[in-house]
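Let's take a friendly first look at a protein structure together. Please have the sequence and the model open as you read.

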Amino acid sequence: MIPDNVDLVIKPTVQCNAKCVYCHSLKPSQFLSKEMLTDVMTKLGRYTKDRGVAKSLVHWHGGEPMFPGKDFYDLAIRLEQTHLGHLELQNTMQSNLCLYEGEVRRAVGELLKHDWIGTCFDPYHPTRLLSNGKDYLRECLKGLIAAQRDGFEVGLIYVVHRRSLDVARDLYHFFVNTGVSSVLFHPLEDFDDPEYHLSAADWGEFLRRLWEVWEEDNFSLRISPLADWRAWLVDKQPIGMCEYNVRSRKNVLITVSPEGLLYPCHRFQDKGIHCIGNISQMTFDQIIDHPLTYYIADRKENLPADCRSCEFVSLCNSGCVATHDQSGKTIWCEGLHSFFAYLARRVNDSPGSSCSRSR
């Protein structure tokens, strides 16, 4: 099978300039070597050209992806120009933006063509800290403003924890005022600190409170995953978020670790499971043909009986595969089911409201 597109998540390092209290990926790490980066780009270019694949996205992730510095990204620019010029290619990045200055700012801007960059911060709780002692929020917002001035569309990821429930409304308005283009709210998992531990019921309740303030604001800011669920309920538009959609085998996504190890998702790289192999020892034909490349699609195509019979399966599709428990259901099932029931009532009970109208 020849895919429609081959997308990469490249982690140049999992080292970081921050020390967020709940981080599960921060660990001692090497940098992706220039030789390994060259191998990735050369093999991707050869495969896509030989197989007639026309589109690719490269998402730079971490750790903090700006850590390797300007020389690394200047090389990435040259390699893409040499090997990927035949592709409709987009580069994006997820960064805390605290290092977005000087020559790194220039190189990253050139690589990403000042298109889209994501960041992350917590404006109300001390969950995100910098190793150098500087104020994380101040430094991140400084980088965010600089990126916006450079023409970037900036998206935001916010990690929802137990204390977030009390400030759901404030969070929404704070994010609107930053001028970001979108916010992805992601539930905190595998963190047992009672101050921040988020239960499935907490996640459902936070989504309900977030929906209320979003609706009051006439859905003016794109909020994920709420926007995907609303679009499906109102207009039956396909859900775009990988956590909640059905993964097509024609859309291949591969994560490359700093050691060159390959995974079907960056969440699996964080957990060290479902490794496909090493880029230095495989061709892209071998990667595309490897069964683990389609691990997420396989799981989504073979949902547990409880999921298949659920009235909300089209909204959830069993959630993120990396959060599945032994039953094959997401650990967030209880909270999602509660929220979907609330959401269905909101849509059905208000046929003339903005909640049920397409924008």
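Predicted model: local features only at pLDDT ≥ 70, side-chain atom pairs only at ≥ 80, totals over all residues.

Residues are numbered from 1 along each chain as its sequence is written, and side-chain values use heavy atoms, with hydrogens and water left out.

Q: Is Lys 11 buried or exposed?
A: Lys 11 sits in the loop between β1 (5-10) and α1 (34-51); helices (H or I, at least four residues) and strands (E, at least two) are DSSP runs, numbered from the N terminus. Buried means under 20% relative accessible area, exposed over 50%, and partly exposed in between (1.4 Å probe, protein chains only). Because its relative accessibility is 0%, Lys 11 counts as buried.

Q: Which side chain makes a polar contact with the side chain of Lys 11?
A: A polar contact is a pair of N or O atoms within 3.5 Å; within protein, one must be able to donate a hydrogen and the other to accept it, and residues adjacent in sequence count only if both atoms are side-chain atoms. The Lys 11 side chain reaches the backbone oxygen of Gly 62 at 3.3 Å. Its side-chain partner, at 3.0 Å, is Gln 269.

Q: Which elements do the buried residues of α7 pack against?
A: Helix α7 covers residues 226-235, and its buried residues include Leu 226, Trp 229 and Ala 231. Lys 236, with a positive phi near 55°, follows the helix. The packing partners of those buried residues are α6 (200-216), β7 (222-224), α12 (313-316) and α13 (333-349).

Q: Which strand gives the largest share of the lining of the largest cavity?
A: The largest cavity holds about 120 Å³ of space, and its lining has 17 residues, with His 186, Pro 187, Glu 243, Tyr 244 and Trp 332 nearest its centre. On a 1 Å grid over the protein atoms alone, a cavity is a set of points where a 1.4 Å probe fits but cannot get out, and lining residues have an atom within 4 Å of a point. With four residues, the largest share comes from strand β6.

Q: Which strand gives the most to the lining of the second largest cavity?
A: This cavity holds about 40 Å³ of space. Its lining includes Arg 247, Asn 251 and Tyr 294. Three lining residues come from the top contributor, strand β8.

Conventions
Contact = heavy atoms within 4.5 Å. 1 Å grid on protein atoms, 1.4 Å probe; cavity = no way out; pocket = protein on both sides within 12 Å on 5 of 7 lines; lining within 4 Å. Points joined across faces, edges and corners; volume = space filled by probe spheres on them.
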